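Reader: I'd like to go through this one term by term. Can you tie each label to its cut-off as we go?

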Amino acid sequence: WNHPKYGFISPATFIPILEKNDLIFDVTDWIIQQVCNQLVEWREKNTPVSKVSINIPGKYVTNPHLVDILMRMIKNCQLTTDQIELEITETSYVGNINEAMIAVENFRRLGFLVALDDFGTGYSSLNYLKNFPIKCLKIDKSFIDEINNNKRDYAITDSIIDLVHNLGIHTVAEGIETV
C-alpha cells in the first residue's frame with residue numbers, strides 16, 4: 001500500500017490491523033469489486049487478460065458471504081468465474097479442514113480457479129495436495145529468495161515442483177526477480 005503520508009507499507013503490517021479490527025472482509029469485498037471492474041475495463045479496451053488472482057483471507061474461505069459477493073460481482077460485470085483465481089493460503093485450512101475442503105470444492109464447482117498460496121510456510125501437509133481440488137500451487141518466495149545460494153532452498157523447491165507436476169498441478173514460484 002502506497003500511503004500518501006507514510007509511503008510504502010507492507011501487507012505484513014496492515015493486514016493484521018485490518019484483521020484485528022474486523023475490517024478484512026470489507027476490504028476483501030472492495031478488492032473483489034475492484035478486480036471485477038478492472039476486468040471490465042480491460043475487456044472494453046480489448047486488452048487480453050486470462051485471469052486475475054485474489055488473495056482470500058483464511059477466515060473468509062468458509063463464509064457464505066464470499067460466494068455471494070463473488071457471484072454478484074461476476075453477474076453485475078458480465079464476467080465468467082474462470083476469469084478469477086482465488087488464492088487461499090495453506091494456513092487458512094488449519095482451522096477447520098473439512099469446511100475448507102467443502103468451500104474449495106464449491107468454488108471449483110462454480111468455475112473459479114483455486115490456488116494454494118504460500119505453500120511451505122505453514123503446516124504444509126501432503127494431504128492438502130492429495131485432497132484439495134486445486135489447479136495451482138504457489139511456492140512461497142522465502143524459498144526463492146536464496147535459491148542460488150542455498151542448496152536446501154533449491155532442493156526443496158525442486159522437489160515441490162516435481163511433486164506437483166506429477167500430480168498435474170500448475171506451479172508458480174513467487175518472487176523470481178532475476179534470470
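This is a predicted model: local features need pLDDT of at least 70, side-chain atom pairs count only at pLDDT 80 or more; totals for chains, interfaces and linings use all residues.

Reader: Then which residues is His65 in contact with, leaving aside its neighbours within four places in sequence?

Author: Asp29, Tyr60 and Arg72 are the contacts of His65 once those neighbours are set aside. With Asp29, the pair is 36 residues apart in sequence and 9.4 Å apart in space, C-alpha to C-alpha. His65 itself is found in helix 3. Helices (H or I, at least four residues) and strands (E, at least two) are DSSP runs, numbered from the N terminus.

Reader: Why does His65 get the accessibility label it has?

Author: Buried means under 20% relative accessible area, exposed over 50%, and partly exposed in between (1.4 Å probe, protein chains only). His65 comes out at 32%, so partly exposed is the label.

Reader: And what makes Ile32 buried?

Author: Its relative accessible area is 0%, so Ile32 falls on the buried side of the cut-off. Ile32 is in helix 2, and beyond its neighbours within four places in sequence it is in contact with Ile54, Leu66, Ile69, Leu70 and Met73. From Ile32 to His65 it's 33 residues in sequence and 12 Å in space, C-alpha to C-alpha.

Reader: How do you know that the span of helix 2 agrees with what it should be?

Author: The expected span of a helix is 1.5 Å times one less than its number of residues. For the 21 residues of helix 2 that gives 30 Å, and the end C-alpha atoms are 30 Å apart, so the two agree.

Reader: Which residues of helix 2 are buried, and how do you know which side they sit on?

Author: The buried set is Ile24, Thr28, Asp29, Ile32, Val35, Cys36, Leu39 and Val40. The arc is that of the directions from the helix axis to the C-beta atoms; these residues cover only 160 degrees, which puts them on the same side of helix 2. An α-helix has 3.6 residues a turn, so residues three or four places apart point the same way. Asp26 and Glu44 are exposed on the face turned away. What covers the buried residues includes helix 1 (11-20), strand 3, helix 3 and strand 4.

Reader: What about the arc of the buried residues in helix 7?

Author: There, Asp153, Thr157, Ile160 and Val164 are buried. Their arc is 65 degrees, so they line one face of helix 7. Lys151, Arg152 and Asn166 are exposed on the face turned away.

Reader: What stands out about the phi of Asn46?

Author: Most residues other than glycine have a negative phi. Asn46 is not a glycine, yet its phi is positive, near 55 degrees. Asn46 lies in the loop between helix 2 (24-44) and strand 3 (52-56), and at 69% relative accessibility it counts as exposed. Gln78 also has a positive phi, about 55 degrees, without being a glycine. Gln78 sits in the loop between helix 3 (64-76) and strand 4 (84-89), and its 63% makes it exposed.

Reader: Last one: by class, what lines the second largest pocket?

Author: Seven nonpolar, four polar and four charged residues. Here Ala, Val, Leu, Ile, Met, Phe, Trp, Tyr, Cys and Pro count as nonpolar, Asp, Glu, Lys and Arg as charged, and the others, Gly among them, as polar.

Key. Residues are numbered from 1 along each chain as its sequence is written. Side-chain values use heavy atoms; hydrogens and water are left out. Contact means heavy atoms within 4.5 Å.
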